[in-house]
Amino acid sequence: MHVRVAPRAHARVLTIALILSGAACASTAAGCRSDPSEQIDAEWTLDPSPPVAGSDVLAHVTLRDNAKMPVLGAKLQLEGQMSHPGMAPVVSNLIERGGGVYDAHVKLTMAGDWTLVLTGELANGARITKHLDLPGVPAG
């Protein structure tokens with residue numbers, strides 16, 4: 001026996017299915033997120049703080065998941081980007097120190113507005129991107 005669904009009834013079934021899938025996403029603790037990096041918190045510490053242009057800056061980044069557990073085994077890169085067009089970024093690989101802590105040394109080459117961009121891959125293969133704005137970095 002073959003049952004045929006009228007086009008209007010089919011549209012209602014599809015609408016109900018979409019509403020139910022949206023409700024299922026909303027009812028989970030994390031929701032349905034397309035970006036896995038939204039489920040990771042990054043806590044930044046800079047030394048010196050505030051950073052000074054022309055001197056070495058040590059960036060400590062602590063990564064934790066939604067359960068506040070440390071994120072281990074990530075392969076990460078830190079890029080310092082200046083807001084002025086045409087400026088070359090400064091790039092450094094982060095070194096894992098344990099407990100979800102990663103370190104990198106960067107030299108902010110001139111005074112002005114900078115953004116630190118952390119990118120990389122988590123141990124599970126998911127990509128991560130985090131930003132830290134550093135407005136008004138003074139000259140050294």
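Colleague: What makes R97 count as exposed?

Modeller: This is a predicted model, and in it R97 has a relative accessibility of 53%; exposed means over 50%, so R97 is called exposed.

Colleague: Why is D103 called buried?

Modeller: The relative accessibility of D103 is 9%, and because buried means under 20%, D103 counts as buried.

Colleague: What makes R127 and E121 a salt bridge?

Modeller: Their side chains meet at 3.9 Å, N to O, which is still within 4 Å, so this pair is also a salt bridge. R127 is exposed at 52%, whereas E121, at 37%, is partly exposed, because that value lies between the cut-offs of 20% and 50%.

Colleague: Why does the pair of D41 and K68 tie together parts that are apart in sequence?

Modeller: The side chains of D41 and K68 meet in a salt bridge of 3.3 Å, N to O. D41 lies in strand β1 and K68 in the loop between β2 and β3, so the pair joins parts that are 27 residues apart in sequence.

Colleague: How many salt bridges does the rule give?

Modeller: By this rule the count is three.

Note on methods. Residues are numbered from 1 along each chain as its sequence is written. This is a predicted model: local features need pLDDT of at least 70, side-chain atom pairs count only at pLDDT 80 or more; totals for chains, interfaces and linings use all residues. Side-chain values use heavy atoms; hydrogens and water are left out. Helices (H or I, at least four residues) and strands (E, at least two) are DSSP runs, numbered from the N terminus. Buried means under 20% relative accessible area, exposed over 50%, partly exposed in between (1.4 Å probe, protein chains only).
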